[in-house]
Amino acid sequence: MGIWKRYKQHIKNNFCLDQIPINDIYYWKTRLFANAIIYTLPLSLIAYIPGVYYSWRLGLYSLVLIDTLAVLLIFLIGFLPTLSLQLRKALFVFCVYFIAVTFVWLIGTSGPGLLYMLAASYFCILIFPNQYAFYPAFINLAICLLTAIIISMNILPWKESPTHNVSEWFAVCTNLIFLGFISSALIPRVFNSLDRALRMEQEMRIERDRQNLMLEKTLEDLKVKNQELEQFAFIASHDLQEPLRMITSFLGQIEKKYGDILDDKGRQYIYFASDGAKRMRQIILDLLEYSRIDQTQFKPEFVDIGLLMDEICILHSKTIEEKSASIHYQDLPVIHHYRAPLFQVLQNLISNALKYSHPDRKPDITVSAIWKDKAWVISVQDNGIGIEHAYFDKIFVLFERLHSKHEYGGTGMGLAIVKKVMDSLQERIWVESENGQGAIFHFTIEPIGSEV
Ligand code: ADP
């Protein structure tokens, strides 16, 4: 630390600034006082050196003594560690008044005495609490009256000067008295406004902290509720499987045993019931998958997206063959990430691209990847039926479907699962599409740790 910084720090430490709350106006007044001392000490030499030099040459040795005493006193105010803050302030104001009075009494109105008196009253208003603001104005009045008495007693050294009479003295000093009172009345108003602003700021900070706390609590509650809900979905879907298995198996038994004696209507009813049970099973399986999304159980590994696509194509080979679909993917990256969620997302998107194909054309699907802003953006493009702009957000919501089960089968959970996976990975997914013109789903994947 440089000398100047150390010097400033030393004086600030002596003034115990850190013990006053920063949002209190008194802190700022004391800080101003500390700075006044910090700058007065070196700058006082500007007045001290020529003052002492000329006083010495003019034989005004008492002025030399007073100047030296004043500088010494300011030095002690700044450096004496044991003084209380109030005493330092009082000594400082006393020091300036002392210089002012001796200048007035030794040199008269032509000297800087009255100027110092005004400065003393300003310092007093600025560094002491507002309730003492009028004290310096009355001190000025008292000093001026005392000086008038002394002038009338004819004992001042400037008795030969032209202003050496009481009425001329009053003509000069009333200006000082006037300025003193007007400053005492006006300057505290500025501090009062500042005080109000500081208090308001503090209240706002307290309110903001309170709201942040509430928000944190709400978030925590929400997390707990979410976990409870997922737990509920898991238990419900898990436990529903058993009775559903019974329904399906007994429906099968009825069909096998009594199929021959049932009429067409009866067989149709059994078909509807089995179909409903099948769809319900799919919903339950999807719900289970949805509630099990939790990335904490996975470990990152180097995932070759091309190999992942190979697996997905094998998984969907039947549909690909049936629909004569072509799936293109080349130069896909190897990403250090969790394998299972990446598979889940891609698998769902490819499954939809195959499912929502256009009746007039064979499905043509392209998977590509580009590196952008420290992440891979993987895109799955199809030439299917496309999606209207209005549904771009809706399709990611649980159970939201744009078609009836007769048009396209499904549970409305595929994209909700994808979205949940993406959210839990803190990645993004979005869609671009024109109705009837196919769709492109993009999602980002930021590699975990190193990139290959
Ligand atoms: P599901 O396919 O079971 O209905 P999803 O959540 O996978 O549920 O999809 C929600 C809706 O988004 C679908 O009903 C469908 O209308 C629309 N959709 C999804 N993928 C595509 C796609 N590739 N092309 C056109 N529409 C799509």
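Where is the place of Leu43? I looked, and Leu43 sits in helix H2 (helices are DSSP runs of H or I, at least four residues; strands are E runs, at least two, all numbered from the N terminus).

Housekeeping: this is a predicted model, where local features need pLDDT of at least 70, side-chain atom pairs count only at pLDDT 80 or more, and totals for chains, interfaces and linings use all residues. Residues are numbered from 1 along each chain as its sequence is written, and side-chain values use heavy atoms, leaving out hydrogens and water.

Cores. I found 45 residues in the largest nonpolar core, and Phe15, Ile37, Phe92, Met117 and Trp169 have the most contacts inside it (a core is a set of buried Ala, Val, Leu, Ile, Met, Phe, Trp, Tyr and Cys residues joined through side-chain atoms within 4.5 Å). H4 supplies the largest share of this core, 11 residues. I also noted a second, separate core of 41 residues, with Ile327, Ile335, Ile378 and Ile395 among them.

Sheet. I traced an open sheet of five strands, ordered S2-S4-S5-S7-S6, with mixed pairing (two strands pair if DSSP finds at least two bridges between them). Its edge strands are S2 (326-329) and S6 (429-433), each pairing on one side only. S6 and S7 (residues 439-445) run antiparallel, joined by five bridges. Looking up Glu432, I got Ile440 in S7 as its bridge partner.

How values were computed. Buried means under 20% relative accessible area, exposed over 50%, partly exposed in between (1.4 Å probe, protein chains only).
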